[in-house]
Amino acid sequence: TKSIIQEVGNLDKEKLLKSGRDKIKDLRPLLWSSIDNVESLDLDQLEYCQKGQGKEILVKIAIADVDAFLPKNSQTDKHAAHNGTSVYTGIEIFPMLPERLSTDLTSLLADQDRLAVIIEFTVLEDGDIEPGDVYAAVVSNKAKLIYEEIGEWLEGKREAPAMVTKRPGLEEQLRLQDEAARRLRKFRMDRGALELDTIEARPLLDKYTIVALVVPRKNPARYLIENFMIAANWMMMNFLEKAGMAVIERVVSTPKDWDGIVEVASSHNDA
């Protein structure tokens, strides 16, 4: 609507950054990077890791601070609440937020100062997690990376992408992130986590004509983001519970015929 377009059009990114910078941490010097689809412009997450004094790995996840631009009960906030989520059809995206917000002002684009919420946790050698802190910061994405390129590189199927080699220290940073993600994944799998192989076909377009369907293959880059987000969600739940705030959890109870499920799985050598 006209009121939403006007409200978003009046947002001043530089003014907001300057007004909040003295109150929050400045983490722009860190070697942040994002991994996403090649066409993605609505980047909402960055990652950074550092080695601890022992064999632990400290993980920092930066989440785009959309809330900083949208006061509660503003016209755009109500619009986003009504939409609930963005809808990706493969041909066209119907965004939850106006595009100026989702693909510009709040998107963690490369070499741009952006406001973010930082979620910290420590990954131990066995993959267990020690909770960290949650706080606001200003960050800068040093490299916009692509799932397929980084995944194939981590698998040893190709040389490091140019974006990786031209940033000093980025190769070591990504391998440390991969190590942390592998620990998290092993810890989850050893404790019975389920992995569902779902098909998410994406249309390949020639202008406005669909010429093929592409099914993204799971690779280390996708597992990296997946496991970091699962850990970040757990960390945020832990943080909110300690703050005495109400949280909604999805609890998976033991299936009614669990013994039968185990028997069927065993018959297929998958238990």
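Predicted model: local features only at pLDDT ≥ 70, side-chain atom pairs only at ≥ 80, totals over all residues.
A residue counts as exposed when its relative accessible area is over 50%. Asparagine 73 has a relative accessible area of 51%, so it is exposed.

**Loops and positive phi**

Asparagine 73 sits in the loop between strand S4 (57–64) and helix H3 (75–83). Its phi is positive, about 70 degrees, even though asparagine 73 is not a glycine. Most residues other than glycine have a negative phi. Aspartate 111 is another one to check: its phi is positive too, at about 60 degrees, and again it is not a glycine. You'll find aspartate 111 in the loop between helix H4 (99–105) and strand S7 (113–123).

| Residue | Relative accessible area | Class |
|---|---|---|
| Asparagine 73 | 51% | exposed |
| Aspartate 111 | 48% | partly exposed |
| Leucine 204 | 43% | partly exposed |
| Serine 140 | 8% | buried |

**Serine 140**

Serine 140 belongs to strand S8 (residues 129–146). With a relative accessible area of 8%, serine 140 is buried, because buried means under 20%. Leaving out residues up to four places away in sequence, serine 140 touches Arg28, Leu30, Trp32, Asp111, Gln112 and Asp113. So what does the list of contacts share with the loops above? Asp111 is among the residues that serine 140 touches.

**The hairpin**

Leucine 204 lies in strand S9 (residues 202–206), standing opposite alanine 212 in S10. S9 and strand S10 (residues 209–214) run antiparallel and are joined by five bridges. The two strands make a hairpin with two residues between them, and lysine 207 in the turn has a positive phi of about 60 degrees. On the surface, Leu204 teams up with Val211 and Val214 in a nonpolar patch, with about 240 Å² of accessible area together.

**The cores**

Now for the inside. The largest nonpolar core has 47 residues, and Trp32, Val59, Ile118, Phe121, Val139, Ile150 and Phe228 have the most contacts inside it. Elements giving two or more residues to this core include strand S2 (32–36), strand S3 (45–51), helix H5 (147–154), helix H7 (170–190) and helix H8 (220–242). Beyond its neighbours within four places in sequence, valine 59 is in contact with Tyr48, Cys49, Ile119, Glu120, Phe121, Val123, Ala180 and Phe228. Apart from that core lies another, of nine residues, among them Leu11, Leu70, Leu97 and Leu105.

How values were computed. Residues numbered from 1 in each chain as written. Heavy atoms only, no water. Helix = DSSP H or I, 4+ residues; strand = E, 2+ residues; numbered from the N terminus. Buried < 20%, exposed > 50% of the residue type's maximum accessible area, 1.4 Å probe, protein only. Contact = heavy atoms within 4.5 Å. Patch = residues over 30% accessible without salt bridge, like charges linked within 9 Å, V, L, I, M, F, W, Y side chains within 5 Å. Areas by Shrake-Rupley, 256 points an atom, 1.4 Å probe, with all protein chains shown as cover. Salt bridge = Lys/Arg side-chain N within 4 Å of Asp/Glu carboxyl O. Pairing = 2+ DSSP bridges. Core = buried A, V, L, I, M, F, W, Y, C linked by side-chain atoms within 4.5 Å.
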